[in-house]
Amino acid sequence: VRCEGEGGGGCGGCGCGGRQRGPQPWAAPMADAIVQNPEMLGPGERGLGTSFGEERFIGIIKKYDPPKKFGFVECPEVFALFGCDSFLSSKQIRHYDNDMMISFTINVKNSKPQAQDLQDP
C-alpha cells in the first residue's frame, strides 16, 4: 500500500511523505488514544469526536464475500489512522457491492474500524 495523497506521490495526511508501505506501528495505538481522550484533538481538527461517528469517509468496498457475510472498505484516511481497512458486515452492506465507491462512518471495536451508515458519495 502506498500513500496516494498529493497526486499519488506525497502524503495523504499520515505523515509518511508518500513512502507508506503497509500498517504504521503507531496507527492503532494513536486511534485508540484519540477515542479514549478526544481532548487530544484541537478545535476543528478533522471533527473525529469520540466514536468517529460524525466523520464521513469515502472508500471502495473490497473483498465482500456474501457466504461469509463480511468484507472490507478500502479508504486511505482510515488506513492511515488504524493501519487496516474498515470491516464491513452483512448488516451494513444493503444494496452495495464490491468495487462500489461509498460514503461511510466508522465505529471502533477492539481497536479496529467498522464501516457503518453506508451512503452514496
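**Confidence first**

Modeller: Among the elements of the protein chain, helix 1 (residues 27-36) has the lowest mean pLDDT, 57. Strand 2 (residues 70-74) has the highest, 97. pLDDT is the predictor's confidence in each residue, from 0 to 100. Helices (H or I, at least four residues) and strands (E, at least two) are DSSP runs, numbered from the N terminus.

Biologist: What is the mean pLDDT of the protein chain?

Modeller: The mean is 74, and 56% of the residues reach 70 or more. This is a predicted model, so local features need pLDDT of at least 70, side-chain atom pairs count only at pLDDT 80 or more, and totals for chains, interfaces and linings use all residues. Residues are numbered from 1 along each chain as its sequence is written, and side-chain values use heavy atoms, with hydrogens and water left out.

Biologist: Where does the pLDDT stay under 50?

Modeller: Residues 17-24 are one such stretch, with 20 contacts beyond four places in sequence. A contact means heavy atoms within 4.5 Å. Where pLDDT is low, the predicted coordinates should not be read in detail.

Biologist: OK, the fold. How many helices and strands?

Modeller: The protein chain has 3 helices and 5 strands. Along the sequence the pattern reads α-β-β-α-β-α-β-β.

Biologist: Which way do strand 1 and strand 2 pair, parallel or antiparallel?

Modeller: Antiparallel, over 4 bridges. Two strands pair if DSSP finds at least two bridges between them. The hairpin has 4 residues between these strands, and Lys-69 takes a positive phi near 65 degrees. Asp-65 has Phe-70 in strand 2 as its bridge partner.

Biologist: And what is the bridge partner of Phe-70 in strand 3?

Modeller: Ser-89. Strand 2 and strand 3 (residues 86-89) run antiparallel, joined by 4 bridges.

Biologist: Which side chains of strand 2 are buried?

Modeller: Gly-71 and Val-73, which point to one face. Buried means under 20% relative accessible area, exposed over 50%, partly exposed in between (1.4 Å probe, protein chains only). Buried residues make up 35% of the 121 residues in the protein chain.

Biologist: Now strand 4 and strand 5. How many bridges join them?

Modeller: 6 bridges, with strand 4 (residues 101-109) and strand 5 (residues 112-119) running antiparallel. One partner pair is Ile-106 with Ala-115 in strand 5. The two strands form a hairpin with 2 residues between them. In the turn, Asn-110 has a positive phi of about 55 degrees.

Biologist: Which residues have the most contacts inside the largest nonpolar core?

Modeller: Ile-61, Leu-88, Phe-104 and Leu-118, in a core of 17 residues. Strand 1, helix 2 (76-82), strand 4 and strand 5 each give two or more residues to this core. A nonpolar core is a set of buried Ala, Val, Leu, Ile, Met, Phe, Trp, Tyr and Cys residues joined through side-chain atoms within 4.5 Å.

Biologist: Switching to charges. How many salt bridges in the whole structure?

Modeller: The search finds 2. A salt bridge is a side-chain nitrogen of Lys or Arg within 4 Å of a carboxyl oxygen of Asp or Glu. Asp-117 forms one with Arg-56, the closest N and O atoms being 2.8 Å apart. The pair links distant parts of the chain, 61 residues apart: Asp-117 is in strand 5, and Arg-56 is in the loop between helix 1 and strand 1 (57-65). Asp-117 is partly exposed at 37% relative accessibility, and Arg-56 is partly exposed at 31%.

Biologist: Which side chain meets Asp-99 in a salt bridge?

Modeller: Lys-62, at 3.3 Å, N to O. Asp-99 lies in the loop between helix 3 (90-93) and strand 4 and Lys-62 is in strand 1, so the pair ties together parts 37 residues apart in sequence. Asp-99 is exposed at 58% relative accessible area, whereas Lys-62 is partly exposed at 25%.

Biologist: Last topic, cysteines. How many disulfides does the search find?

Modeller: 0 in the whole structure. The criterion is a pair of cysteine sulfur atoms within 2.5 Å.

Biologist: And Cys-75, buried or exposed?

Modeller: Cys-75 is buried, at 2% relative accessibility. Cys-84 is buried too, with a relative accessible area of 16%.
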